[in-house]
Amino acid sequence: MDDAPVLLLTSWHLPRMRSMPRAFWAVRALDRRTRSQQGCLRVHRWASRRSLLLTTWWRSRAAAETWLASPSFREVDERLRAIPGAEARVDLRECPEGSARA
């Protein structure tokens, strides 16, 4: 169903902590730009020693896919995937009833 809210998990695991400061600032800027995107309900950023996770909730699958194709997301994703040994993951899921409320 295209009208159901969706949960989009985007994560990057870096091979070394040395790459983390630049990656963190790139994801932080993406987080801030994402909040104003049409269809975005909520954004949460999480960081550990070598991993970054950006969790976003969207009004629809179409809104989430539009964001994934956006220049803002693609620029950060390509930059982080270009780090030798980095692993990236994207997981798009339908939200259980009521879990997407801001």
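Predicted model: local features only at pLDDT ≥ 70, side-chain atom pairs only at ≥ 80, totals over all residues.
## Overall fold

The secondary structure of the chain comes to 3 helices and 4 strands, and these elements follow one another from the N terminus in the order β-α-β-β-α-α-β. Along the principal axes, the C-alpha atoms fill a box of roughly 40 × 25 × 20 Å. A compact globule with 102 residues would have a radius of gyration near 13 Å, and the chain agrees with this because its own value is 13 Å.

Of the 102 residues of the chain, 37% count as buried. Among the contacts with a separation of 6 or more, 71% are accounted for by residues 24 or more positions apart. The chain exposes about 6,400 Å², and carbon and sulfur atoms supply 49% of this area.

Helix α1 covers residues 20-34, which makes 15 residues, and from its first C-alpha to its last it reaches 20 Å, close to the 21 Å expected at 1.5 Å a residue. Which residues of α1 are buried? They are Met 20, Ala 23, Ala 26, Val 27, Leu 30, Asp 31 and Thr 34. These residues lie on the same side of α1, because they cover an arc of only 140° around the axis.

The face turned away from this buried side carries the exposed residues Arg 22, Trp 25 and Arg 32.

## The nonpolar core

The largest nonpolar core has 21 residues, and those that touch the most other members are Trp 12, Leu 30, Trp 58, Trp 67 and Leu 80. At least two residues of this core come from each of β1, α1, β2, β3, α2 and α3, while the largest share, 5 residues, comes from α1.

## A residue in a loop

Where does Ser 48 lie? Ser 48 is found in the loop between β2 and β3, and with a relative accessible area of 29% Ser 48 is partly exposed. Although Ser 48 and Met 20 are 28 residues apart in sequence, their C-alpha atoms are 9.2 Å apart in space.

Conventions:
Residues numbered from 1 in each chain as written. Heavy atoms only, no water. Expected span 1.5 Å × (residues − 1). Buried < 20%, exposed > 50% of the residue type's maximum accessible area, 1.4 Å probe, protein only. Arc of directions from axis to C-beta. Rg over C-alpha atoms; globule rule 2.2 N^0.38 Å. Contact = heavy atoms within 4.5 Å. Areas by Shrake-Rupley, 256 points an atom, 1.4 Å probe, with all protein chains shown as cover. Core = buried A, V, L, I, M, F, W, Y, C linked by side-chain atoms within 4.5 Å.
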